[in-house]
Amino acid sequence: MAAITGVLARPTSYAGVWGWMTTVDHKRIAVLYGVTAFIFLLIAGLEAGVVRMQLASADNDLISAGRFNQMFTMHATVMVFMVIMPLSVSFFNFVVPLAIGARDVAFPRLNALSYWIFLFGAVLMHISFLVNEVPDAGWFSYANLTEKPFSINRGLDFWAIGLLVMGAASVAGALNFVVTIINLRAPGMSMMRMPVFVWMTLITSILLVLAFPVITVGLIELTMDRNFGTHFFIPAEGGDPILWQHLFWVFGHPEVYILILPAMGIVSEVFPTFSRKPLFGYPFIVFSGIVIGIMGWAVWSHHMFTVGLGPVANSVFTITTMLIAVPTGIKIFNWIGTLWKGSIEFTTSMMFALGFVALFIVGGLSGVSHAVSPSDFQQQDTYYIVAHLHYVLFGGSIMGAFAGIYYWYPKLTGKMLSETLGKLNFWFIFIGMNLTFFPMHYLGLNGMPRRIYTYSAEFGWENMNRLASLGYVILFVAFLIFIVNLWQARNSRRVSHDPWDAPGLEWSIASPPPPYNFAEIPQVEGLDQYWIAKERARAAGTPLTEPEALVDPDSIHMPSPSYWPIFTAAGVALIGGGLLSHYAISFLGGAITMMGVIGWGNEPAAAPSEHH
Amino acid sequence: MGLLPFRRKGPLAKPSASISSVPTRRRSSLKNRTVLFSLMAALFLFATGCYKDGMSTWEAFGPVAQKQLDLFNVILWTMVVVFFLVEGVLVYAMIRYRRRPGQERPPQIHGNTTLEVVLTIIPTILVLALGIWSVFALFEIDKPPSDSPTPLQVNVTGHQWWFEFEYPDAGNGKKIITANEMRIPVDRPIQISLFSDDVIHSFWVPKLAGKLDMVPTHENKMWFQADSNKIDEDLPVTLFGQCAELCGLAHALMRFRVTVMEQADFDSWAAAYGPPPTVTDKAKKGAQVFATNCTLCHTVDGPDDPALSASRLKGFLTGGDITPVPAPNLTDLRTRQTLAAGMMELSETTLSAWLHDPAEIKPGNYMSEKAVLYQGGSVSLDEDEIDALIGYLLDLR
Amino acid sequence: MAHAAEHEYTTTGLNHRKMLMWVFLGSDCLFFGALIATYMVYRGQSLVGPYPIDIINVPVTTISTFVLLMSSFAMVQALAATNADNKRGIVSWLLATAFLGAIFIGFQIVEFNTFKNEGLTLGGNLFGASFFTLTGFHGAHVTLGIIWLLAMAILAAKGRVGSKTALDVELVGLYWHFVDIVWIVIFTLLYLIGGFDVGPVALPGG
């Protein structure tokens, strides 16, 4: 069976850099995703800083127009695809198998492949900085600005190909989670006994596998226009730039739900824990998530209200967009219902979750105002939209991610992040975020368009811009505090396996979890299984104070590490890289990918061990 | 520990201690919350000093902008009410149900179906009501009311990075092409057709109407009107406009003005539209400098010849180093207020600065890129020639 | 791939890899859907020829479509042979599927070449762009399938494919049938319906 497993022997241990490069353990992959996402968060945050410093004064000349266009393009592209999405996947990876009582995901090597393709794709896009040909047409890169002769350097090619590569990673990862959630739930865990976070992961993953192919086609057509002579979006030859917008937003709108549903899932885990009562209206929260996932496909043209589709089309999308506010409202009411008559503890995690709800209400309401299309004609492409999107993505997704980090950190490491620094972190983010983005509502309604590198003093926008830039400084400090918190936590005291008295299965095992997660696959009797078990034990007079006992790891047959995922991922990235430089490199990449697939196919999921 | 990071008994993590044994600081966190909310309210109030000038949408000078503003005001106040209601309940819940020391596990309520149904139906009715009203408004503002005076047709074409305004019939069949400043008569609907010759731009005059994109593949139609009873100043009044769709390097500098005037004043302007006079020697010299250096791209003797425009566009789209490109029509430059697509007030000084080094004022502009005049690093005209040119264009006697 | 029978735990009783393949095919539907949408949007929008009616050869492509359909039949036979542990049958039918698939690709190559010689190119007009992109990506899917089939045939020849590892054949079968169905859709839209599209009607006065 060892046969064609390649030149190198199969890795066996977890140790060192090689251990990380060949890991197929979902918990380690979660860390890889999380750390990578955080680094990109800092990069994109700095890009935002450049934007804010330039806009702090009227007629400022801190940076050139060209550089400014690059900064906001990369800020948004990195935040969406290289921060929020991988942060979400980091949580999917760490939490989902533990929460459903599984030992790993359905396809551990595919899981690793997703990470490495993502990393290489992200790096590929950033090589654009090294050659000073940086994407600069905005994160949704409307054609035909993106075509030649309007965008001549390779910036847009870096953008398109980087996204194509990262898209493959997203789809591969999402496929994995769909199968894992449907097929690896512990016995007794019916769909309606799954934690809400798992539900949101499932819906998000389904959205991912269905939405990414659409933008893949758009990106392929753009790349072909720019490099292979086609005219898909070139008006002079009959092409229609609006087709790009449709393709982009048919992907783009489900994408924003992909960005927010995981955070909503996290909040749905945190609220019950720190209210000490179950999530209010569980079926309604689940169903509203499903409805949002489905309805999210019917609203895309609200991003295109000002394109000139006509009043009939605009009316349809006005109504559908208005309606999609309803399931979101249901979630918010149910979260409040969870707090109601509960026993709320204001841990850092809970504060971030509460902050999520508070700020998402603002973002959601401004979103409803966009749905009113006649008024959107005034709001579109102004800072009013920038305000909305940051309230839902920063006040929403990022706050949710922080809630999750503070919540599951003790499970991942066995230690706690400092609550003192955590609360400082929270307040700086909350205040900074509001100071930065609330003024933008006013800027937009006062007529400030988006994506302008400068403005004149006569429009009266300077004060609000100053305020927003000041808010950025506070946010900057907030992230420094977080880094300090992470750093000092290395040496903090160990905590128990269940510091929060939480309901999820993941809290029933040791912190950090052993490689095999559960010594015995749990039997699930209902929602909030660990609360059920703890309650029963308490009632019997033998409270559960210890995690599930550890066993000899060798006694449980786990998938073995493998170098094929990183090898294959390198091949895929080279295919993309070759398209940006020399086609020969793409052929090499193709060959490497082929070799990788063959080697992978011939390697069993788990290396045969002495016990078998 | 409460909401704030003040330590009372050390960090939270004690392995087997029940969390509820750590007391919460009720009073100080309440006080701090009040402080916080006051700050937010103050911020809100400060910011609500609705800025009405410039590009602000809070002031409507015409029926289209008015309808959009009315709709927005309704949804704004609805949002504000919902905001205070929902946030209020959230904050109330946070305060009322905070954990007290020694508190037992609360009743494990799972849900309330009736509440869910009610809280689904009410928002649905609300959003549908707003949505349907929006749809009616959409159709209402789609065309001028049937009892309006005859609309004035203006064709607007977006270019990187300036606005071209064509009046197919400004009065008595006279065709006018001008750039960056649009004149309109008051109390008359202006029927606008939007085009683009290169990338997608967006035409936006906030005080008159919402924006509509200028797409290279099809004509977009909109209309607006300036109402004398909405404008509280004396006419003529100049309104601001700006491109609102990222269109390249100088997107931020692609601005324009709309001057609202009495029909009679508009007619005089239209009648006077024509090539700048060449009465003085300076003007004659200027005309010569212009003819030698500028006519490849700029027209100064009336509306641009369509065939010439087409060839300039073709040159621009096919690329190449020194090709003619579409450029603003300068026939009535002397009657304009601004220069370089609404960037600055027009005067001898500013025009001189522009002619000396356009790239300094508008980085990326095609005049610096493509005109032979600027290929040598600095403008290849001497001071006399520039002076004469300015005199000619601005009709300085 | 071809290792001991799956005895892993699954919540639904369905095999992980089969489920993966189904979800992947769902994703691929959207991919082809977007390409088909592009084609449909650009029907009749080409500014210059050649137009479908000048180029599309329905009779010839009917033959290649039939060949691809026959390859799906061969695929079904390969799976039957697998379940019956008929090693010779498995190898033969897998090779037959691949062979018929290759014939289809051959037809595509000849067709592309012919069209190119008649003036239809990627950059020539929107019909060329959308036609070649859509059918090209379909052809790429078929080609990857052929490679997969050949690899399976080699494994089968070594005796590593049988009723205990029938899933492996099922998986390639699912993929292959999907690719065939996509072709049916493409054939119907681009050939049977769109194949008779003429260019824009000449306006009076030229």
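Predicted model: local features only at pLDDT ≥ 70, side-chain atom pairs only at ≥ 80, totals over all residues.
Residues are numbered from 1 along each chain as its sequence is written, chains are lettered from A and ligands numbered from 1 in the order in which they are written, and side-chain values use heavy atoms, with hydrogens and water left out.

Now show strand β4 (residues 181-185) of chain B: five bridges join it to β10(B), and the two run parallel. Strands are DSSP runs (E, at least two residues), numbered from the N terminus; two of them pair if DSSP finds at least two bridges between them.

Six bridges join β9 to β10(B), antiparallel. Here Leu239(B) stands opposite Val258(B).

Color β10 (residues 255-261) of chain B by burial. Seven of its seven residues are buried (under 20% relative accessible area, 1.4 Å probe, protein chains only). Arg255(B), Arg257(B), Thr259(B) and Met261(B) point one way, and Phe256(B), Val258(B) and Val260(B) the other. In a regular strand, side chains alternate between the two faces of the sheet.

Next, the interface. Select the 117 residues of chain A in contact with 104 residues of chain B (heavy atoms within 4.5 Å).

Finish on Arg105(B) and Asp501(A). Their side chains meet in a salt bridge, 3.4 Å, N to O (a side-chain nitrogen of Lys or Arg within 4 Å of a carboxyl oxygen of Asp or Glu). The count between chain A and chain B is two salt bridges.

Notes:
Buried < 20%, exposed > 50% of the residue type's maximum accessible area, 1.4 Å probe, protein only. Helix = DSSP H or I, 4+ residues; strand = E, 2+ residues; numbered from the N terminus.
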